[in-house]
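Biologist: I am new to this one and would like to understand what the labels on it rest on. Could you show it to me, and then I will ask how you know what you say?

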Amino acid sequence: MRESEARSIIEKVLKLSGAEDTSAVITGSYKASTRFADNAITQNITTNNYSLKVSCAYGQKVGHATTNELIDGALQGVVKRAQDIALVVPPDPEHMPLLTSDEAEKYHQLEPYFEDTKKFSPSDKARIISAQAEKCQEKGIRLSGAFSNGSSFTAFGNSKGLMGCYKSTSFEMHVTCLTPTSSGWAEQIGEDISKAGFSLVVDRAFNIAEKSKNPHDFEPRKCTIIMHPAAVAELFTFLFWEGFDAKATDEERTFLRGKFGTKIGGENITIRSDPADLRCPTISFQQDGLVAPTLKWIDNGVVQNLCYSRFWAKKKGKKPTGFPTNIIVDGGDTSVEEMIKTTDLGVLVTRFWYIRFVDPMVPSVTGMTRDGTFLIEDGKVTKAMKNMRFNENIVDVLNRVEVLSVPERTGEYIPVLAPALKVRDFNFTSATDF
Amino acid sequence: MKELCLRALDIAKEKGVSFADIRIVKHHTQIVTTEDERVSGIQDSESMGFGVRVLLNGCWGFAASKNLFRKEIEDVTLRAVEIARASSLAKMGSGVVFAPEEPHEAIFRTPVQKDPFKVPIEEKVNLLLGVNKEMLRVRGVKKAHSFMWFKSEERHLANTDGSFIESNTCTSTAECIATAVDEHTAKTRYFEAIPVNAGYEHIEGTPLLKEAQRVGEEAVAHLTAKECPQGKKDLILHPSHLALTIHESIGHALELDRVLGMEESLAGSSFATIDKLGKLKYGSPIVNIVCDNTDPTRLASKGYDDDGVPGQRWYIIKNGILVDYQTGREVCHTIGAEQSRGSCRADSWQSIPIIRQSNIGLEAGEEHLTLEELIADTKDGIYIEGMGSFSIDQKRLNFQFGGDCFWEIKNGKKTCMLKDVTYQAITTDFWGSCDAICDKRFWQPYGVLNCGKGDPMQIAQMTHGSSPVRFRNINVGGAKL
Ligand SMILES: [Zn+2]
């Protein structure tokens, strides 16, 4: 969809609506995903969808409706559904007046859109995958993973004249190499397909799989851990699930209650958001048109900002921040190799798997290591280890970080830039059989 | 619809496919959420489109579009064929072996007495706000949330077997959550109208208002409950909790695509490999696990799966032994099965069908046994209700689960509430320790709404049932920091 088409649909919706306040968001994507397992393509899909969400308000009474039919005749239907809901619900005291057109001046003008990324075809990908699959087959390795590319689009408009539009392309490749006794994993995520290096990703996964063959048992205990960026991202994302929500925190329902402005982590910990950071660019406005936050959540260990919705900000006399659209964990300059050299006894972790809260108020989590876990002894990686379960307090981890590497692009649910970390006394609690 | 479907199949056949199908799907969802005295959101969403899947020279192609008209159907079908050609560049041996299936013409409908989409919003809002009010009346409850969730699916499935299947399913659920806060922490407790395939009559038949006060009181009691002990305890698990344990430690482990390594790069694989079929002691001899996609009220039932295979009922664990898997037409030959078990589902018109969990349940015990009798027979244990924290490794062996509410059992009596209980085990040890199952009067199904699998991620629903069950000597409290 072109920006002009989206604008025209939004304008039609605003015209059709009889509500006092109306806003509309169009989100859409084209996605082509090729999946493979056991050195062969197992799934190959392309799909295209756009949906329109209309919000209508009469005073404080609000209704929302969504459709993926964007033809003229259907627009009336979705507007009516939103209006009908708004007319019968009780007023929402938290509903805020619409933002006006000057909010758009705060949006970044970044457009990480690369036509070649979108155009990269299923056969382009199949050829690349096939070459790597043959290489793996010869070496007795089973290659699995996915290689996807596509584009996405968001346009926002409201009856106060505020409009915003963002489009981007993305590619993602993640692969697992399997030997009979081990696995190795690697990924690359980006916007510009010309920067993609599928064979390098496969080589990384392959090397991890080779090195982690015939894993040993290890008595679970507290010990030093060196986590690669994917593991760090997986763990730290849990800080943001509800933890930084200002309302929930003020209502004493999050682990940050009473901690605003206090030091919760080491001085080497700074976590922030910046949608315009070219290393992990993302959309600069939220569903209500509010500019997405560019600020530090944790600054040198101190809780510097919480996420304020427009309503809660007004109530508390604060500036609205909205919610993060990306997460950047500032890094340092210690390479993983150097981290290993300075470790007497430790565990090197490629990534985590299935992290869940145990108690979000602590905040404690549990999870498993996956796809390449190694023992470090006297400054060297000495052997592969079977995977382990950990139980940890994430805030406590922020106080045990000894050194950080240069951050890298990763993130499963939200774009994340994270360094590798060396953390002391990481709490491994049980083991598994592989 | 039929004509549009046939057009896609004709084009695919002209291009020489060995199999093709088209699914035209319309989803309607409505979510009403409330917080304390306010309605925090009402979202009414519709999504419609179609997906064409083709198997050409043993390789898959799939394309989908929301634009449901003849020309687009033709283009999308040709695109699917093109993609299948691309897939053949990285092919294993002779490619996919797709099990044959009889042609079926059928219409399947969830029995619905009261269409939830026709029930006035005011009625839903009033009920939820009433429930919140009841929870907030309890001293110590500082926050009340509740929601209703309805989803209907209209599906037309046609394939080159000659099948033409129409289904209309409808899922309804509601839930309330009380949060109690004191000077140290916050704790929650929930109650739900268990997700089932039914209409609004299911919400009306659930005592949400009546239970709200108890939910609030238990949230408050949780704040000052005794710490979880550490060590070995007997566990008595209520069906509202065991549903998730079954889901994670049996359901996912016995999806045949995972077992074969097809999910390796994302959700993972399984320890229960096919060389163990018929041999692996998965649990104690009283453990019988049945898949049942024939009961229309359960969430995985839609008459026929998205491979066009009828819903079935079969054992995957019989007398504690692994005897079968959840299969689809692409993989069933690997265990020597001629017909698929019909466990392939796609979560939308945009998604490709993959093996999803069936309605998997633990059969009730044969001997007369109530929950009270089971507790009375337990010296040193913990009783758990509801779902909480859950984590399991990617081969489904080492797991750690929490729950929603916990009570200590001492010398045959429920003595006091506990907090922060977790238990950790290896799957086969855990099911091997199962020594008592209450009888069928206490068997209850629980629906799971958000099961993620696949890449791109798909979200599926299914139902897991059981009676209260006892497990002996399980490690508890390992999560304590
Ligand atoms: Zn699941």
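Biologist: What volume does the second largest pocket have?

Modeller: This is a predicted model, and in it the second largest pocket has a volume of about 580 Å³. Of the 31 residues lining that pocket, Leu178(A), Thr179(A), Pro180(A), Ser269(B) and Lys395(B) are the closest to its centre.

Biologist: What makes a residue count as part of a pocket's lining?

Modeller: A lining residue has an atom within 4 Å of a point of the pocket. For the second largest pocket, β5 (163-179), β6 and β13 (364-377) of chain A each supply at least two such residues. The largest share, 3 residues, comes from β13(A).

Biologist: How many nonpolar, polar and charged residues are in that lining?

Modeller: The lining of the second largest pocket has 10 nonpolar, 14 polar and 7 charged residues.

Biologist: And what is the volume of the largest pocket?

Modeller: The largest pocket has a volume of about 1,100 Å³. Its lining has 39 residues, and the closest to the centre are Glu187(A), Arg204(A), His228(A), Pro229(A) and Glu408(A). By class, that lining has 19 nonpolar, 9 polar and 11 charged residues.

Biologist: Which element gives the most to the lining of the largest pocket?

Modeller: That is β6(A), with 6 residues. Among the other elements of chain A that each supply at least two residues are α5 (198-211), α6 (229-236) and β12 (345-359).

Biologist: How do you know which domains of chain A the lining of the largest pocket draws on?

Modeller: The domain assignment of chain A gives domain 1 (3-208) and domain 2 (215-434). The lining of the largest pocket takes at least three residues from each of them.

Biologist: Into which domains is chain B divided?

Modeller: Chain B is divided into domain 1 (2-220) and domain 2 (227-476). Their contact takes 49 residues from domain 1 of chain B and 44 residues from domain 2 of chain B. The C-alpha centres of these domains lie 22 Å apart, and the area buried between them is about 3,700 Å², of which carbon and sulfur atoms give 55%.

Biologist: Why is the size of an interface given as an area?

Modeller: The size is often given that way because accessible area is lost when the parts come together. Here, chain B and chain A bury about 6,200 Å² between them, 52% of it on carbon and sulfur atoms. In chain B, Lys66(B), Ser265(B) and Leu481(B) lose the most area to chain A, together 10% of what that side buries. Counted by contact, 75 residues of chain B meet 76 residues of chain A.

Biologist: How do you know what confidence the predictor has in chain B?

Modeller: pLDDT gives that confidence for each residue, from 0 to 100. The mean pLDDT of chain B is 97, and 100% of its residues reach 70 or more. The model as a whole scores ipTM 0.96 and pTM 0.97.

Note on methods. Residues numbered from 1 in each chain as written. Chains lettered and ligands numbered in written order. Predicted model: local features only at pLDDT ≥ 70, side-chain atom pairs only at ≥ 80, totals over all residues. Heavy atoms only, no water. 1 Å grid on protein atoms, 1.4 Å probe; cavity = no way out; pocket = protein on both sides within 12 Å on 5 of 7 lines; lining within 4 Å. Points joined across faces, edges and corners; volume = space filled by probe spheres on them. Helix = DSSP H or I, 4+ residues; strand = E, 2+ residues; numbered from the N terminus. Nonpolar A, V, L, I, M, F, W, Y, C, P; charged D, E, K, R; others polar. Domains from an automatic or database assignment. Contact = heavy atoms within 4.5 Å. Buried area = accessible area lost by both parts, 1.4 Å probe.
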